[in-house]
Amino acid sequence: AEARIYRQAVSLGFRLRWPPSSSYAFRNRMSYHNTGETSMKLPGLDDMAAVILKLVGETCNLDCDYCYEKRKPYVNTLILDTASIRQLFDQLSPRQLAVELHGGETLLYPKVSFQALGQILRDLGPRLVRTTIQTNGSFLDPTVIRFLANTLPLLQIGLSCDGPPNLSRYRVDQKGNAASADPISALDLLADIKVEVGVICVVTQGHIGHVSDLLSFFAEKPAVRVVKLVPCFDFNVTQSPLTRRRPGLLQIFEQNTETDLPWAISPRQYSTFLEEVWNIWRAEGYFERFLIDPFVSALRSIAGKQSSNCHFTQAKCAHVITLYPDGTVGSCDELPRSIASYGAMTELHFPATAIEKWDSDTMPVLSILRAKCESCAYRHSCGGGCIATRMRYAEFDRDDEYCEHRKALVDLMNQKEVT
(Lines give C-alpha, C1' and ligand atoms only; values in the text may rest on other atoms or scores of the structure.)
Protein backbone atom coordinates (compact mmCIF):
# COMPACT_ATOMS: atom_id res chain seq x y z
CA ALA A 1 0.00 0.00 0.00
CA GLU A 2 2.84 2.38 0.84
CA ALA A 3 4.51 1.63 -2.47
CA ARG A 4 1.30 2.48 -4.33
CA ILE A 5 1.00 5.78 -2.46
CA TYR A 6 4.66 6.42 -3.29
CA ARG A 7 3.94 5.98 -7.01
CA GLN A 8 1.02 8.37 -6.66
CA ALA A 9 3.31 10.92 -4.98
CA VAL A 10 5.88 10.60 -7.76
CA SER A 11 3.12 11.23 -10.32
CA LEU A 12 2.42 14.51 -8.48
CA GLY A 13 6.00 15.63 -8.96
CA PHE A 14 7.66 14.61 -5.70
CA ARG A 15 11.33 13.54 -5.93
CA LEU A 16 11.50 10.68 -3.46
CA ARG A 17 13.71 7.66 -2.82
CA TRP A 18 12.21 4.31 -1.93
CA PRO A 19 12.29 2.72 0.53
CA PRO A 20 13.17 5.33 3.19
CA SER A 21 15.89 4.30 5.60
CA SER A 22 13.74 5.53 8.46
CA SER A 23 10.76 7.75 9.07
CA TYR A 24 13.03 10.41 10.50
CA ALA A 25 15.47 10.42 7.60
CA PHE A 26 12.67 10.40 5.08
CA ARG A 27 10.98 13.28 6.84
CA ASN A 28 14.15 15.34 6.77
CA ARG A 29 14.75 14.69 3.07
CA MET A 30 11.30 16.00 2.27
CA SER A 31 11.91 19.14 4.32
CA TYR A 32 15.30 19.70 2.72
CA HIS A 33 13.81 20.58 -0.65
CA ASN A 34 11.49 23.17 0.84
CA THR A 35 12.88 26.63 0.14
CA GLY A 36 9.60 28.51 0.56
CA GLU A 37 9.40 31.89 2.23
CA THR A 38 6.60 33.12 4.45
CA SER A 39 6.08 36.81 3.71
CA MET A 40 3.03 37.60 1.63
CA LYS A 41 4.37 38.31 -1.81
CA LEU A 42 2.98 41.17 -3.86
CA PRO A 43 2.30 40.20 -7.49
CA GLY A 44 4.74 41.33 -10.12
CA LEU A 45 3.52 42.85 -13.35
CA ASP A 46 4.18 39.56 -15.15
CA ASP A 47 2.97 37.11 -12.48
CA MET A 48 0.04 34.85 -13.21
CA ALA A 49 -3.25 36.08 -11.78
CA ALA A 50 -6.15 34.04 -10.42
CA VAL A 51 -9.30 35.75 -11.68
CA ILE A 52 -12.66 35.01 -10.07
CA LEU A 53 -15.68 36.04 -12.14
CA LYS A 54 -18.85 36.36 -10.07
CA LEU A 55 -21.17 35.60 -12.97
CA VAL A 56 -24.47 35.98 -11.12
CA GLY A 57 -23.45 37.39 -7.76
CA GLU A 58 -25.14 35.53 -4.92
CA THR A 59 -28.09 34.37 -7.04
CA CYS A 60 -28.67 30.66 -6.45
CA ASN A 61 -31.46 28.11 -6.40
CA LEU A 62 -30.11 26.90 -3.03
CA ASP A 63 -29.75 28.58 0.34
CA CYS A 64 -27.14 26.50 2.15
CA ASP A 65 -26.71 27.54 5.76
CA TYR A 66 -22.94 27.98 5.41
CA CYS A 67 -22.95 29.88 2.08
CA TYR A 68 -20.51 32.78 2.45
CA GLU A 69 -21.58 34.32 -0.86
CA LYS A 70 -25.08 35.02 0.46
CA ARG A 71 -23.60 36.92 3.38
CA LYS A 72 -22.20 39.67 1.20
CA PRO A 73 -23.84 43.08 0.77
CA TYR A 74 -25.10 42.72 -2.79
CA VAL A 75 -27.40 45.68 -3.40
CA ASN A 76 -29.37 43.93 -6.11
CA THR A 77 -29.17 40.91 -8.37
CA LEU A 78 -27.06 41.53 -11.45
CA ILE A 79 -25.48 39.58 -14.27
CA LEU A 80 -21.78 40.12 -14.93
CA ASP A 81 -21.37 42.05 -18.17
CA THR A 82 -18.97 40.34 -20.58
CA ALA A 83 -17.68 43.76 -21.70
CA SER A 84 -16.33 44.26 -18.17
CA ILE A 85 -14.64 40.87 -18.34
CA ARG A 86 -12.87 41.75 -21.57
CA GLN A 87 -11.83 45.13 -20.16
CA LEU A 88 -10.34 43.46 -17.08
CA PHE A 89 -8.46 40.89 -19.13
CA ASP A 90 -7.08 43.62 -21.39
CA GLN A 91 -5.82 45.60 -18.40
CA LEU A 92 -4.15 42.52 -16.99
CA SER A 93 -2.22 41.88 -20.21
CA PRO A 94 0.28 40.28 -20.67
CA ARG A 95 -0.22 38.27 -17.47
CA GLN A 96 -1.35 34.66 -17.71
CA LEU A 97 -4.74 34.01 -16.16
CA ALA A 98 -6.32 31.14 -14.27
CA VAL A 99 -10.02 31.93 -14.55
CA GLU A 100 -12.64 30.66 -12.09
CA LEU A 101 -16.33 31.04 -12.91
CA HIS A 102 -18.20 31.46 -9.67
CA GLY A 103 -21.58 32.39 -8.24
CA GLY A 104 -24.12 31.91 -6.73
CA GLU A 105 -24.98 29.16 -9.10
CA THR A 106 -22.93 29.69 -12.25
CA LEU A 107 -25.29 27.79 -14.54
CA LEU A 108 -27.93 30.51 -14.04
CA TYR A 109 -25.75 32.71 -16.26
CA PRO A 110 -27.51 33.26 -19.62
CA LYS A 111 -26.47 31.01 -22.50
CA VAL A 112 -25.73 33.95 -24.78
CA SER A 113 -23.43 35.41 -22.10
CA PHE A 114 -21.62 32.08 -21.78
CA GLN A 115 -21.04 32.10 -25.53
CA ALA A 116 -19.61 35.62 -25.42
CA LEU A 117 -17.45 34.68 -22.45
CA GLY A 118 -16.17 31.62 -24.29
CA GLN A 119 -14.97 33.80 -27.15
CA ILE A 120 -13.24 36.18 -24.75
CA LEU A 121 -11.44 33.24 -23.15
CA ARG A 122 -10.39 31.85 -26.53
CA ASP A 123 -9.05 35.26 -27.50
CA LEU A 124 -6.63 35.05 -24.57
CA GLY A 125 -4.72 32.35 -26.42
CA PRO A 126 -1.66 31.16 -24.46
CA ARG A 127 -2.42 33.64 -21.66
CA LEU A 128 -5.22 31.34 -20.48
CA VAL A 129 -3.88 28.70 -18.08
CA ARG A 130 -7.21 27.07 -17.20
CA THR A 131 -10.93 27.72 -16.88
CA THR A 132 -12.73 26.33 -13.84
CA ILE A 133 -16.47 26.41 -13.29
CA GLN A 134 -18.00 25.72 -9.89
CA THR A 135 -21.57 24.42 -9.80
CA ASN A 136 -23.96 22.81 -7.33
CA GLY A 137 -24.99 20.33 -10.03
CA SER A 138 -28.69 21.23 -10.09
CA PHE A 139 -28.73 22.08 -13.79
CA LEU A 140 -26.19 19.63 -15.15
CA ASP A 141 -27.43 17.32 -17.87
CA PRO A 142 -25.73 15.88 -21.00
CA THR A 143 -26.77 18.87 -23.12
CA VAL A 144 -25.41 21.41 -20.63
CA ILE A 145 -22.16 19.49 -20.19
CA ARG A 146 -21.61 19.33 -23.96
CA PHE A 147 -22.39 23.04 -24.24
CA LEU A 148 -19.86 23.93 -21.54
CA ALA A 149 -17.20 21.68 -23.05
CA ASN A 150 -17.67 23.19 -26.51
CA THR A 151 -17.91 26.78 -25.28
CA LEU A 152 -15.29 27.20 -22.55
CA PRO A 153 -11.63 26.41 -23.38
CA LEU A 154 -9.39 24.43 -21.00
CA LEU A 155 -12.42 23.64 -18.86
CA GLN A 156 -12.32 21.93 -15.48
CA ILE A 157 -15.59 21.26 -13.65
CA GLY A 158 -15.84 21.62 -9.90
CA LEU A 159 -18.91 20.19 -8.18
CA SER A 160 -20.13 21.17 -4.73
CA CYS A 161 -21.10 17.98 -2.91
CA ASP A 162 -21.05 17.30 0.82
CA GLY A 163 -21.48 13.54 0.49
CA PRO A 164 -24.51 11.32 1.08
CA PRO A 165 -27.83 12.80 2.25
CA ASN A 166 -27.28 11.99 5.93
CA LEU A 167 -24.11 14.12 5.93
CA SER A 168 -25.52 17.03 3.91
CA ARG A 169 -28.07 18.44 6.33
CA TYR A 170 -26.89 22.05 5.87
CA ARG A 171 -27.21 21.93 2.09
CA VAL A 172 -30.79 23.07 1.51
CA ASP A 173 -32.98 24.93 -0.96
CA GLN A 174 -34.80 28.24 -0.55
CA LYS A 175 -37.49 26.58 1.58
CA GLY A 176 -35.06 24.72 3.80
CA ASN A 177 -35.63 21.36 2.12
CA ALA A 178 -32.78 18.91 1.64
CA ALA A 179 -30.88 19.48 -1.61
CA SER A 180 -28.36 16.64 -1.69
CA ALA A 181 -29.95 14.64 -4.52
CA ASP A 182 -28.83 16.87 -7.41
CA PRO A 183 -25.04 16.64 -6.92
CA ILE A 184 -25.31 12.88 -6.41
CA SER A 185 -27.26 12.53 -9.67
CA ALA A 186 -24.74 14.82 -11.35
CA LEU A 187 -21.84 12.61 -10.26
CA ASP A 188 -23.58 9.54 -11.66
CA LEU A 189 -24.29 11.34 -14.93
CA LEU A 190 -20.68 12.53 -15.23
CA ALA A 191 -19.48 8.98 -14.69
CA ASP A 192 -21.80 7.70 -17.42
CA ILE A 193 -20.33 10.11 -19.96
CA LYS A 194 -16.79 9.61 -18.61
CA VAL A 195 -16.21 13.17 -17.40
CA GLU A 196 -13.97 13.55 -14.35
CA VAL A 197 -14.45 16.33 -11.81
CA GLY A 198 -13.09 17.77 -8.63
CA VAL A 199 -15.43 17.95 -5.66
CA ILE A 200 -15.59 20.63 -2.99
CA CYS A 201 -16.94 19.19 0.24
CA VAL A 202 -17.67 21.67 3.04
CA VAL A 203 -16.87 19.91 6.30
CA THR A 204 -19.56 20.76 8.88
CA GLN A 205 -20.78 19.35 12.16
CA GLY A 206 -22.74 16.86 10.08
CA HIS A 207 -19.50 15.14 9.03
CA ILE A 208 -17.91 14.77 12.44
CA GLY A 209 -17.80 11.09 13.36
CA HIS A 210 -18.76 9.93 9.86
CA VAL A 211 -15.48 9.88 7.98
CA SER A 212 -15.88 6.31 6.77
CA ASP A 213 -19.32 7.03 5.30
CA LEU A 214 -18.02 10.11 3.51
CA LEU A 215 -14.98 8.46 1.93
CA SER A 216 -16.82 5.30 0.90
CA PHE A 217 -19.43 7.49 -0.78
CA PHE A 218 -16.84 9.28 -2.92
CA ALA A 219 -15.01 6.01 -3.62
CA GLU A 220 -18.19 4.70 -5.25
CA LYS A 221 -18.35 7.68 -7.64
CA PRO A 222 -16.01 7.05 -10.62
CA ALA A 223 -16.26 10.67 -11.80
CA VAL A 224 -14.53 11.95 -8.65
CA ARG A 225 -10.79 12.42 -9.06
CA VAL A 226 -10.09 15.02 -6.36
CA VAL A 227 -11.94 15.84 -3.14
CA LYS A 228 -11.18 19.17 -1.52
CA LEU A 229 -12.20 19.11 2.13
CA VAL A 230 -12.99 22.71 3.05
CA PRO A 231 -13.43 23.32 6.79
CA CYS A 232 -16.50 25.30 7.78
CA PHE A 233 -14.75 27.71 10.14
CA ASP A 234 -17.83 29.89 10.58
CA PHE A 235 -16.65 31.94 13.52
CA ASN A 236 -17.02 35.73 13.72
CA VAL A 237 -19.02 35.97 10.51
CA THR A 238 -21.86 38.35 9.76
CA GLN A 239 -24.90 38.21 7.50
CA SER A 240 -25.77 41.21 5.35
CA PRO A 241 -29.45 42.16 5.77
CA LEU A 242 -29.45 43.22 2.11
CA THR A 243 -29.28 39.61 0.95
CA ARG A 244 -32.40 37.48 1.00
CA ARG A 245 -32.11 34.46 3.31
CA ARG A 246 -34.54 31.96 4.79
CA PRO A 247 -36.55 33.06 7.85
CA GLY A 248 -34.64 32.31 11.01
CA LEU A 249 -31.13 32.40 9.56
CA LEU A 250 -30.60 36.08 10.32
CA GLN A 251 -31.49 35.41 13.95
CA ILE A 252 -28.98 32.57 14.13
CA PHE A 253 -26.24 34.88 12.86
CA GLU A 254 -27.19 37.62 15.34
CA GLN A 255 -27.10 35.19 18.27
CA ASN A 256 -23.69 33.76 17.39
CA THR A 257 -21.49 36.76 16.58
CA GLU A 258 -18.74 35.69 19.00
CA THR A 259 -19.23 31.93 18.85
CA ASP A 260 -19.15 29.22 16.21
CA LEU A 261 -22.34 28.95 14.20
CA PRO A 262 -24.31 25.72 14.79
CA TRP A 263 -23.01 24.05 11.64
CA ALA A 264 -19.40 25.20 12.08
CA ILE A 265 -16.48 23.09 13.19
CA SER A 266 -13.48 24.19 15.22
CA PRO A 267 -9.88 23.98 14.00
CA ARG A 268 -9.25 21.20 16.53
CA GLN A 269 -12.22 19.21 15.20
CA TYR A 270 -10.90 19.64 11.68
CA SER A 271 -7.48 18.33 12.71
CA THR A 272 -9.02 15.21 14.22
CA PHE A 273 -11.23 14.82 11.17
CA LEU A 274 -8.26 15.01 8.80
CA GLU A 275 -6.31 12.42 10.74
CA GLU A 276 -9.27 10.03 10.50
CA VAL A 277 -9.58 10.79 6.79
CA TRP A 278 -5.89 10.07 6.22
CA ASN A 279 -5.97 6.76 8.04
CA ILE A 280 -9.08 5.46 6.27
CA TRP A 281 -8.10 6.85 2.84
CA ARG A 282 -4.82 5.01 3.15
CA ALA A 283 -6.08 1.79 4.78
CA GLU A 284 -8.95 1.28 2.34
CA GLY A 285 -6.85 2.09 -0.73
CA TYR A 286 -9.06 5.01 -1.68
CA PHE A 287 -5.93 6.89 -2.78
CA GLU A 288 -6.09 4.69 -5.89
CA ARG A 289 -9.40 6.33 -6.82
CA PHE A 290 -9.17 9.97 -5.78
CA LEU A 291 -6.77 12.49 -4.25
CA ILE A 292 -7.58 14.62 -1.24
CA ASP A 293 -6.75 18.22 -0.52
CA PRO A 294 -5.35 19.61 1.76
CA PHE A 295 -3.13 16.48 1.83
CA VAL A 296 -1.79 17.05 -1.69
CA SER A 297 -1.09 20.74 -1.04
CA ALA A 298 0.58 20.01 2.29
CA LEU A 299 2.77 17.30 0.78
CA ARG A 300 3.83 19.59 -2.06
CA SER A 301 4.68 22.33 0.41
CA ILE A 302 6.71 19.99 2.60
CA ALA A 303 8.55 18.80 -0.51
CA GLY A 304 9.31 22.38 -1.57
CA LYS A 305 7.08 22.08 -4.63
CA GLN A 306 4.87 24.79 -6.06
CA SER A 307 1.22 24.58 -5.04
CA SER A 308 -1.88 26.12 -6.62
CA ASN A 309 -3.48 26.32 -3.16
CA CYS A 310 -2.86 29.83 -1.86
CA HIS A 311 -3.07 28.62 1.74
CA PHE A 312 0.34 27.04 1.23
CA THR A 313 2.12 29.75 -0.78
CA GLN A 314 3.34 33.33 -0.67
CA ALA A 315 0.96 34.17 -3.50
CA LYS A 316 -2.03 35.02 -1.37
CA CYS A 317 -4.92 37.45 -1.62
CA ALA A 318 -3.19 40.09 -3.73
CA HIS A 319 -2.71 37.51 -6.49
CA VAL A 320 -6.48 36.99 -6.70
CA ILE A 321 -8.63 39.44 -8.63
CA THR A 322 -12.41 39.24 -8.27
CA LEU A 323 -14.82 40.92 -10.66
CA TYR A 324 -18.36 41.46 -9.35
CA PRO A 325 -21.59 41.95 -11.34
CA ASP A 326 -21.83 45.62 -10.33
CA GLY A 327 -18.50 46.33 -12.04
CA THR A 328 -16.40 46.58 -8.90
CA VAL A 329 -13.11 44.76 -8.51
CA GLY A 330 -11.39 43.40 -5.45
CA SER A 331 -8.80 40.91 -4.28
CA CYS A 332 -9.74 37.59 -2.65
CA ASP A 333 -13.51 37.23 -2.34
CA GLU A 334 -13.23 35.82 1.20
CA LEU A 335 -11.69 38.99 2.63
CA PRO A 336 -13.93 41.75 4.04
CA ARG A 337 -14.91 44.10 1.25
CA SER A 338 -13.70 47.00 3.41
CA ILE A 339 -10.08 46.06 2.78
CA ALA A 340 -10.40 43.93 -0.34
CA SER A 341 -12.22 46.32 -2.68
CA TYR A 342 -10.23 48.20 -5.31
CA GLY A 343 -13.20 50.20 -6.58
CA ALA A 344 -15.11 50.41 -9.84
CA MET A 345 -13.62 48.78 -12.92
CA THR A 346 -14.01 51.99 -14.92
CA GLU A 347 -11.89 53.94 -12.42
CA LEU A 348 -8.94 51.58 -12.22
CA HIS A 349 -5.89 50.64 -14.18
CA PHE A 350 -4.60 47.16 -13.46
CA PRO A 351 -2.42 45.81 -12.11
CA ALA A 352 -0.58 48.89 -10.83
CA THR A 353 -3.56 50.31 -8.93
CA ALA A 354 -4.34 47.03 -7.23
CA ILE A 355 -0.75 46.44 -6.15
CA GLU A 356 -0.45 49.98 -4.83
CA LYS A 357 -3.69 49.75 -2.85
CA TRP A 358 -2.80 46.36 -1.42
CA ASP A 359 0.62 47.57 -0.34
CA SER A 360 -0.62 50.81 1.23
CA ASP A 361 -4.02 49.86 2.67
CA THR A 362 -4.10 46.13 3.26
CA MET A 363 -0.59 45.06 4.19
CA PRO A 364 -0.54 47.21 7.38
CA VAL A 365 -3.76 45.52 8.56
CA LEU A 366 -2.12 42.13 8.12
CA SER A 367 1.24 43.06 9.67
CA ILE A 368 0.58 41.23 12.95
CA LEU A 369 -0.30 38.03 11.12
CA ARG A 370 2.81 38.35 9.00
CA ALA A 371 5.03 38.85 12.06
CA LYS A 372 3.57 35.75 13.70
CA CYS A 373 4.42 33.69 10.63
CA GLU A 374 7.99 34.96 10.47
CA SER A 375 8.74 33.67 13.96
CA CYS A 376 7.00 30.30 13.50
CA ALA A 377 9.05 27.10 13.13
CA TYR A 378 6.43 25.75 10.70
CA ARG A 379 6.58 28.74 8.39
CA HIS A 380 8.11 26.95 5.39
CA SER A 381 5.69 24.04 5.35
CA CYS A 382 2.52 25.82 6.47
CA GLY A 383 2.57 28.77 4.10
CA GLY A 384 0.45 30.93 6.38
CA GLY A 385 -2.99 29.45 5.69
CA CYS A 386 -6.07 31.50 4.83
CA ILE A 387 -5.62 35.17 5.65
CA ALA A 388 -9.36 35.91 5.78
CA THR A 389 -10.02 33.13 8.29
CA ARG A 390 -7.05 34.08 10.43
CA MET A 391 -8.27 37.67 10.59
CA ARG A 392 -11.65 36.57 11.93
CA TYR A 393 -10.07 34.44 14.63
CA ALA A 394 -7.45 37.05 15.50
CA GLU A 395 -10.14 39.67 16.17
CA PHE A 396 -11.16 37.66 19.24
CA ASP A 397 -7.62 36.53 20.09
CA ARG A 398 -8.31 32.97 18.89
CA ASP A 399 -5.87 32.81 16.00
CA ASP A 400 -3.65 30.37 17.90
CA GLU A 401 -6.41 27.79 17.41
CA TYR A 402 -6.17 28.23 13.67
CA CYS A 403 -2.38 28.02 13.68
CA GLU A 404 -2.43 24.84 15.77
CA HIS A 405 -4.56 23.06 13.19
CA ARG A 406 -2.08 24.04 10.47
CA LYS A 407 0.79 22.67 12.52
CA ALA A 408 -1.16 19.47 13.15
CA LEU A 409 -1.65 18.99 9.41
CA VAL A 410 2.08 19.39 8.74
CA ASP A 411 2.89 17.01 11.58
CA LEU A 412 0.39 14.47 10.26
CA MET A 413 2.06 14.49 6.85
CA ASN A 414 5.57 14.48 8.28
CA GLN A 415 5.12 11.53 10.61
CA LYS A 416 3.82 9.21 7.92
CA GLU A 417 6.41 7.12 6.11
CA VAL A 418 4.67 7.77 2.81
CA THR A 419 5.86 11.35 2.90
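Contact here means heavy atoms within 4.5 Å. The model shown in every panel is predicted.

Figure 1. Threonine 328 sits in strand 9, which covers residues 328-330. Beyond residues up to four places away in sequence, its contacts are Thr322, Leu323, Arg337, Gly343, Ala344 and Met345. The threonine 328 side chain also makes a polar contact, at 2.7 Å, with the side chain of aspartate 326. Is threonine 328 buried or exposed? Its relative accessible area is 16%, so threonine 328 is buried, the limit being under 20%.

**Figure 2. The whole protein chain, for orientation.** The chain has 419 residues, and 53% of them count as buried. Its secondary structure comprises 16 helices and 10 strands. Take the contacts between residues at least 6 apart in sequence: 75% of them join residues at least 24 apart. The accessible surface is about 18,300 Å². Carbon and sulfur atoms hold 51% of that surface.

Figure 3. Strand 1 spans residues 49-54. How many of its 6 residues are buried? The count is 5, and the strand is mostly covered. Strand 2, residues 97-102, pairs with strand 1 in the parallel sense over 6 bridges. Within that pairing, valine 51 has valine 99 as its bridge partner. Strand 8, residues 320-323, also runs parallel to strand 1, joined by 4 bridges. Here alanine 50 stands opposite valine 320.

Figure 4. A disulfide is a covalent bond between the sulfur atoms of two cysteines. The count in this model is 0 disulfides. The cut-off is 2.5 Å. Cysteine 373 gives a second case: its closest cysteine sulfur belongs to cysteine 382, at 6.3 Å, again too far for a bond. As for cover, cysteine 67 is partly exposed at 21% relative accessible area. Cysteine 373 is buried at 14%.

Figure 5. Serine 93 and proline 94 are joined by a cis peptide bond, with omega about 10°. Proline 94 belongs to the loop between helix 3 (82-91) and strand 2. A cis bond also runs from glycine 103 to glycine 104, where omega is near 10°. Glycine 104 is in the loop between strand 2 and helix 4 (111-123).

Figure 6. Leucine 154 is not a glycine, yet its phi is positive, near 50°. Where is leucine 154 placed? It lies in the loop between helix 5 (142-151) and strand 4 (155-160). Aspartate 397 likewise has a positive phi, about 55°, although it is not a glycine. Its loop links helix 15 (387-395) and helix 16 (399-414). Aspartate 397 is exposed, with a relative accessible area of 67%.

**Figure 7. Helix 6 and the elements that cover it.** Helix 6 has 12 residues, numbered 181-192. At 1.5 Å a residue the helix should span 16 Å, and its end C-alpha atoms lie 17 Å apart, so the two values agree. The expected span takes 1.5 Å times one less than the number of residues. Which residues of helix 6 are buried? They are Pro183, Ile184, Ala186, Leu187, Leu189 and Leu190. An α-helix has 3.6 residues a turn, so residues three or four places apart point the same way. Cover for the buried residues includes helix 5, strand 4, strand 5 (197-203), helix 7 (211-219) and strand 6 (224-231). Just after the helix, lysine 194 takes a positive phi of about 60°.

**Figure 8. Glycine 198 in strand 5.** Glycine 198 is placed in strand 5. Its relative accessibility is 24%, so glycine 198 counts as partly exposed. Glycine 158 lies 40 residues away in sequence, but the C-alpha to C-alpha distance is 4.9 Å. Setting aside neighbours within four places in sequence, glycine 198 contacts Ile157, Gly158, Leu159 and Val226.

Methods: Residues are numbered from 1 along each chain as its sequence is written. This is a predicted model: local features need pLDDT of at least 70, side-chain atom pairs count only at pLDDT 80 or more; totals for chains, interfaces and linings use all residues. Side-chain values use heavy atoms; hydrogens and water are left out. Buried means under 20% relative accessible area, exposed over 50%, partly exposed in between (1.4 Å probe, protein chains only). Helices (H or I, at least four residues) and strands (E, at least two) are DSSP runs, numbered from the N terminus. Two strands pair if DSSP finds at least two bridges between them. Accessible areas come from the Shrake-Rupley method with a 1.4 Å probe; for residues, only the protein chains shown count as cover. A polar contact is a pair of N or O atoms within 3.5 Å; within protein, one must be able to donate a hydrogen and the other to accept it, and residues adjacent in sequence count only if both atoms are side-chain atoms.
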